[in-house]
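User: Please take a close look at one part of this model, the place where the two chains pack against each other, and describe it in a connected account.

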Amino acid sequence: MPSSNRPLSPHLQHYRLPLLAWLSMTHRITGVALSAGTLLVMYWLLALAAGPDAYERAQSIMTSSFGQLVLVGFTWALYYHLCNGIRHLIWDIGYNLDIEGAESSGKLVIVTSILLTTFSWIFGHALSGSPV
Amino acid sequence: MSMRSPLARVRGLGSAKSGTQHFWWQRLTGIALIPLTIWMVVALICVAGADFEEARSFVASPLVTVLLLCLIVALFYHAQLGMQVVIEDYLHAEGMKLAALLAVKFLAVILGLLSALAVLRIALGS
C-alpha cells in the first residue's frame with residue numbers, strides 16, 4: 001500500500017466523532033466523576049457517624065441548591081455508568097457486538113439514564129416532602 | 001533455531017503482569033455493584049428527608065449495615081481499578097504515572113476503611 005493511502009487515526013479537530021465514541025468517552029468521564037462523587041456520599045456517612053450537629057451541617061449542604069445540582073449530576077452519572085456498564089457486560093458475554101446493535105443499545109442507555117434520574121428525583125421529593 | 005523450551009520462552013516474555021485479573025475483578029465488582037447501587041439509590045431516596053435518629057437507625061439495621069459494607073468494598077475496589085486504567089492510558093511520564101497510581105490505590109484503601117468505620121460506628125452505636 002502506498003504510504004499516502006494508509007488509514008489515518010481520527011484527527012480530533014476535524015473528524016466528527018461517531019455516537020459510539022461519545023458514549024465510550026462518557027463512560028470513562030462518568031466513572032471518574034463517580035469516584036470523586038463518592039467523597040460526597042462518604043462525607044454524609046461520616047457526618048452521620050459523628051453526631052447530630054455534623055449531620056445537620058451535611059444535610060444543609062446537600063439540600064442547598066448547589067448541593068442539589070451536584071446530586072442531580074451525580075445521580076445521572078451513576079445511572080449512565082450503571083446502564084452502560086450492563087451494556088459492556090452484555091458485550092463481554094458476546095452479544096450485540098454489531099454496530100447497529102451497539103448504536104441502538106447506546107441510545108437506550110441515554111434515554112434510560114435520563115428517565116431514571118427524573119423518576120428518582122420526583123420520587124425522592126414526593127417521599128421527603130421537600131418543596132424543591 | 002532456538003535451544004530453549006517453549007515454556008522457557010514464554011516465561012518472562014508474556015504479559016509478565018497479571019493476565020486477565022484486572023479485567024476479571026473489574027467485571028466481578030461491576031456485577032456486584034448492579035444490585036448494590038440500585039438498592040443504595042432506593043434506600044437514599046427513602047431516607048432523603050430523614051432526621052438524624054431515623055437515618056442512624058436505618059444504617060444500624062443489620063441487613064443495611066452488611067449491604068453497606070459490601071457496597072463499600074465493591075465500590076472502592078471497582079473505582080481504583082477504573083482510575084488505574086485511566087491513569088495508565090493518559091499519564092505517560094513514568095514518574096507521574098507511578099505517583100498517581102500509588103495515590104489512587106492508597107486513597108482507595110484509606111477512604112474505604114474510613115467509610116467502613118463510619119458504618120460500623122453507627123451500627124455498634126459508638
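Analyst: Helix α1 of chain A (residues 19–50) packs on helix α4 of chain B (residues 62–90) at about 130°, the two axes lying 10 Å apart. Axes here are lines fitted to C-alpha atoms, for helices over the stretch in contact, with angles from 0 to 180 degrees between N-to-C directions; helices are DSSP runs (H or I, at least four residues), numbered from the N terminus. The angle makes α1(A) oblique to α4(B), the class left over once angles under 35 degrees (roughly parallel), over 145 (roughly antiparallel) and 65 to 115 (roughly perpendicular) are set aside. The crossing is left-handed, meaning that the near helix is turned anticlockwise from the far one by less than a right angle.

The model is predicted: local features need pLDDT of at least 70, side-chain atom pairs count only at pLDDT 80 or more, and totals for chains, interfaces and linings use all residues. Residues are numbered from 1 along each chain as its sequence is written, and chains are lettered from A and ligands numbered from 1 in the order in which they are written.

On the α1(A) side of this crossing, the contact is formed by A:Arg28, A:Gly31, A:Val32, A:Ser35 and A:Thr38, and on the α4(B) side by B:Leu75, B:Ala79, B:Gly82, B:Met83 and B:Val86. Contact requires C-beta atoms, placed from the backbone, within 7 Å. By class, these residues comprise 5 nonpolar, 4 polar and 1 charged; Ala, Val, Leu, Ile, Met, Phe, Trp, Tyr, Cys and Pro count as nonpolar, Asp, Glu, Lys and Arg as charged, and the others, Gly among them, as polar.

B:Leu75 also touches B:Leu33, besides A:Thr38, when residues up to four places away in sequence are not counted. In the largest nonpolar core, of 19 residues, B:Leu75 is among those with the most contacts, together with A:Leu48, B:Val59, B:Val119 and B:Ile122. Such a core joins buried Ala, Val, Leu, Ile, Met, Phe, Trp, Tyr and Cys residues through C-beta atoms within 7 Å, buried meaning 20 or more other C-beta atoms within 10 Å of the residue's own. At least two core residues come from each of α1 of chain A and α3 (52–60), α4 and α5 (94–124) of chain B, and α4(B) provides the largest share, 7 residues.

Across the whole interface, chain B contributes 26 residues and chain A 25 residues. On the chain B side, α2(B) gives the most, 8 residues, and the classes are 18 nonpolar, 5 polar and 3 charged.

Definitions and conventions. Two residues are in contact if their C-beta atoms, placed from the backbone, lie within 7 Å. A residue is buried if 20 or more other C-beta atoms lie within 10 Å of its own, exposed if 12 or fewer, and partly exposed in between; C-beta atoms are placed from the backbone.
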